[in-house]
Amino acid sequence: MSNFKTRILAGIAAVSISAVTVAAFAQVPPPGGPHGRAPSAEQIAKFEQMRAKRQAELHDKLKITASQEASWKLFLDKTKPAPFDPAARPSKEEFAKLTTPERLDKRLEFMRKREAFAEQRVAATKEFYATLAPEQQKTFDAEFAKMERHRFERMRHDHKDSSHRGKPAPDATAPAAK
């Protein structure tokens with residue numbers, strides 16, 4: 001039974017991650033910002049500019065026709081990232097006061113919200129994709145694959161950068177190990 005739940009949660013996580021990447025052209029900074037801090041207004045503005053630029057580039061590459069413009073705008077609206085809400089996340093102090101089952105319930109609740117958001121994005125992408133001509137679909141597929149590769153490389157790079165966390169810095173005064 002435990003193995004089954006693990007597989008279900010892994011599947012949900014995989015679907016959520018995949019669906020969230022669908023809207024790479026509509027990214028905002030991850031919750032918590034760099035180093036666990038909330039993103040600043042300047043960072044949010046920068047990400048909004050980048051998102052708008054990516055959307056314009058994709059619009060041009062897809063050669064969206066006048067008849068497709070409404071579905072394009074609907075796609076952008078439905079895949080727009082949720083605004084960062086610091087109140088939605090419990091503080092470290094609040095989280096520390098919870099029992100293990102309560103913490104797990106909170107995490108599961110968060111995962112379910114993310115899954116619902118991901119499902120909405122997947123549905124919106126499928127609806128939009130269906131309005132595209134075959135040549136446009138090929139372009140969309142190529143752009144999505146390129147975005148996935150970029151995201152994978154960035155995640156891999158971030159993982160390498162975070163591998164030193166939790167380890168003490170080497171002591172400069174200690175003799176070098178031979």
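## Overall fold

Along its sequence, the protein chain runs in the pattern α-α-α-α-α-α. The secondary structure of the chain comes to six helices and zero strands. The structure is a predicted model.

The protein chain has 178 residues, of which 22% are buried. Among contacts with a sequence separation of 6 or more, 75% are between residues 24 or more positions apart.

## Helix α5

Helix α5 covers residues 100-131. This helix has 32 residues, and the distance from its first C-alpha to its last is 47 Å. That is close to the 46 Å expected at 1.5 Å a residue.

The buried residues in α5 include Glu 115, Phe 117, Ala 118 and Arg 121. Ala 124, Thr 125 and Phe 128 of α5 are buried too. An α-helix has 3.6 residues a turn, so residues three or four places apart point the same way.

## Packing of α3 with α5

Two packed helices are described by the angle between their axes and the distance between the axes. For helix α3 (residues 69-78) and helix α5, the angle is about 165° and the axes are 9 Å apart. Angles over 145 degrees count as roughly antiparallel, and α3 and α5 are therefore roughly antiparallel to each other. Their crossing is left-handed.

On the α3 side, the contact is made by Ser 71, Trp 72, Phe 75 and Lys 78. On the α5 side, the residues are Gln 120, Arg 121, Ala 124, Thr 125, Glu 127, Phe 128 and Thr 131. By class, the contact of α3 with α5 has four nonpolar, four polar and three charged residues. Arg 121, Ala 124, Thr 125 and Phe 128 of α5 take part in this contact and are also buried.

## Packing of α2 with α3

Helices α2 and α3 pack at an angle of about 150°, and their axes are 13 Å apart. This makes α2 roughly antiparallel to α3. The crossing of α2 and α3 is right-handed.

From α2, the residues in contact are Gln 55, Leu 58, His 59 and Leu 62. From α3, they are Glu 69, Trp 72 and Leu 76. The contact of α2 with α3 divides into four nonpolar residues, two polar and one charged. Trp 72 of α3 belongs to the contact with α2 and to the contact with α5.

## The loop between α2 and α3

Lys 63 lies in the loop between α2 (41-62) and α3. Its phi is near 55°, a positive value in a residue other than glycine. Lys 63 is exposed, with a relative accessible area of 65%.

Terms used: Residues numbered from 1 in each chain as written. Predicted model: local features only at pLDDT ≥ 70, side-chain atom pairs only at ≥ 80, totals over all residues. Heavy atoms only, no water. Axes fitted to C-alpha atoms, helices over the stretch in contact; angles between N-to-C directions. Helix = DSSP H or I, 4+ residues; strand = E, 2+ residues; numbered from the N terminus. Parallel < 35°, antiparallel > 145°, perpendicular 65-115°, else oblique. Left-handed = near helix turned anticlockwise from the far one by under 90°. Contact = heavy atoms within 4.5 Å. Nonpolar A, V, L, I, M, F, W, Y, C, P; charged D, E, K, R; others polar. Expected span 1.5 Å × (residues − 1). Buried < 20%, exposed > 50% of the residue type's maximum accessible area, 1.4 Å probe, protein only.
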